[in-house]
Amino acid sequence: MESNVLKPILAVYVALFVLFLYGPFIVLGILSFQQGPEGGPQFPIIEWSTYWYRHLFGMVPPSRIAPLPVGEALIRSLILAFMTMVTATVLGVMAAQAFRRRFRGAGVVFYLIVLGMMVPGVLTGLGTSLLANNVLDIERHWYTTAFVAHVVYTFPFAFLVMLAILNRFDSSVEEASWSLGVSPIRTFRKVTFPLIFPGVLSAMLFAFTLSFDEFPRTLFASGRDQTLPLAIYGTFSVEIHPNIFAFGVMTTLFSFALLAVYGILMGLSVRRAKKMAMQEEIA
Amino acid sequence: MTQTGSIFRLEGVTRRYDDLTALDAIDFEAEQNEYISLLGPSGSGKTSLLRIIAGFEKPDQGRVWFQGQDITDLPAHERGIGFVFQNFALFPHLTVFENVAFGLRNNVDTVPGVEIEKRTRDAIEMVGLAGLEDRVPDQVSGGQKQRVALARTLVMQPKLVLLDEPLGALDANLRDRMQIELRAIRERLDVTFLHVTGSETEALAMGDTVAVLNAGKVIQSGTPDEIYDTPASPDVALFLNRFNIFDGTLKGGHFAGPFGDAPVATARQNAQDRYAIRYDRTQIFDPGAKLPGPALTARFRASEYLGSSIIFLFETEDHKTVEVDHHLSFGDPRDLTVDNEYVLSWDPAKAIVFGKEGSK
């Protein structure tokens, strides 16, 4: 009886949810196949074409619309996201590991770390740039000041993910390892790390994606050479063409590819057990 | 039993958690090649004691000696003391074989690959797990997990193995079988087992020596029959779960309790006056029958059939439960009517009495 009322409501809710989640992307996706170079970033579609994708890779004759200046920015952003991912994850794992024992001042340290994701991004960016220019007197670069700003921002995410994982971690397996004469460092490598690896992957994913499309902090902290989000934003100030949509589709596909890698790595850590369970059933 | 001297010794080991004293200046010494059961109720500090010997925790005071060496400040991985966990603590990401080989592979000493292979196979064979080497812990039963945990520890050839309620997670059937196997394995190897348990039957069945721990203190230690026949205090008698214990007054060779007045030959020194009589020494009589000793009137409430014996549960006038254990080899049990009154009695010479007037 209740489900007769509840079901349609839930169906509408799910439909709305999916619409808002994927609607923007679907519209962008459709518009990226607009005819070029005359077609603009709006409906109706004059004619379906892959012009803007070819435009992106410089495979069309030169026109009045300049190619997107994203090549170097993309490389920079990827390198920055990778550096940030590695640093934030290592720091996150180490910090979360430290929090397994209650130490003096744990509460203060916890909030100091988490502050990094709470402080408004523009302020952090501006502050970083002021600190570099006026106090430390160093030049701002995407791989120095912006990198630090990114780590400060993503470290708390990695930390919180690892904290949740280690919170449920049964430390008796580590004690078992010690009692077998295995040193704490080797125990971490051989026991703890393999068991928390799914969490480490999640922390890496968080750090990478957050850094890759970080805007407000990077805006002030990155100096002369722009990262990808800044480069794209720069093109908005002139005129918007569907080539940005095409680029958006490409980067989204790239994100899906990353997610797929994450999924595969995640799956690998449980696959072996599953496969053996299946062999067990067949036998 | 080969007596070859002390294997480990505790000297005034004290452990506090905030204002709770888990271990209160424990002194204890264990002979080599023994099976020691450490019996204690939950919260008696028995797990703390084990963790301190293993090196997972540090005592607040006191020293721990192992093979003539003070190991109080030695980290766990340098002690060479095995530990078997109640929850087994197997490495879930490794196969049975790799679980057992783990210590040999990752130890500070390099063991040649051939030897690792051989010792691991031998250990797996010994605990009867041959054929399951390639399974992961999730694919073996509770009893098999227990064996893996044991093999993993024994393959390192430790001189001392600590077992923290190792049978607690197993069902009754399996527990009995593992009890026998644990003893058999220990007798085959040159190793001391220190087995912590909350079960009095387990402690008595397995130990060469039984130590009873209560409120952070070892209150008695001795052979199982010493403990069983001559509990040193009412607390020990209580943990053995084999004694009806009564309050009363001990005065001039007589104990006045709910059963009237009973003559007492010898009594043990204790702060409170207590009278203990074993379940299987308590007998059931009809009202008015001739009694061998004191008379305790009680209502029959229920019985529990245990196969070789029956436990009858009675309730006294002051609502205390009294148990009578009737072994079936002594003849068929009496036919009792629930809620009827009977008289319980016993030979007063078999009672164990504690009191301020007691000796020692």
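This is a predicted model: local features need pLDDT of at least 70, side-chain atom pairs count only at pLDDT 80 or more; totals for chains, interfaces and linings use all residues.
**A guided tour of chain B**

Residues are numbered from 1 along each chain as its sequence is written, and chains are lettered from A and ligands numbered from 1 in the order in which they are written.

With the chain still selected, note that its C-alpha atoms fill a box of roughly 80 × 45 × 40 Å along the principal axes. Chain B has eight helices and 22 strands, these being DSSP runs numbered from the N terminus (helices H or I, at least four residues; strands E, at least two). Of its 360 residues, 41% are buried, that is, they have 20 or more other C-beta atoms within 10 Å of their own, with exposed meaning 12 or fewer, partly exposed lying in between, and C-beta atoms placed from the backbone.

Next, select S11, S16, S22 and S15 of chain B, which form an open sheet in the order S11-S16-S22-S15 with mixed pairing; two strands pair if DSSP finds at least two bridges between them. Strand S11 (243-247) and strand S15 (267-269) stand at the edges with a single partner strand each, so one side of each is left without a neighbour in the sheet. Neighbouring strands here are turned by 25° against each other on average, direction ignored, with axes fitted as lines to C-alpha atoms. Zoom in on S11(B) and S16(B) (residues 274-278), which run antiparallel and are joined by five bridges, and find Ile245(B) with its bridge partner Ala276(B).

Now move to strand S21(B) (residues 341-345), which pairs in the antiparallel sense with S17(B) (residues 283-285) over three bridges; here Gln283(B) stands opposite Ser345(B). S21(B) also pairs in the antiparallel sense with S18(B) (residues 296-305), over four bridges, and in this pairing Thr297(B) stands opposite Val343(B).

Finally, select Phe330(B), in the loop between strand S20 (321-327) and S21 of chain B. Is this residue buried or exposed? Phe330(B) is exposed, because 9 other C-beta atoms lie within 10 Å.

Notes:
Axes are lines fitted to C-alpha atoms, for helices over the stretch in contact, and angles run from 0 to 180 degrees between N-to-C directions.
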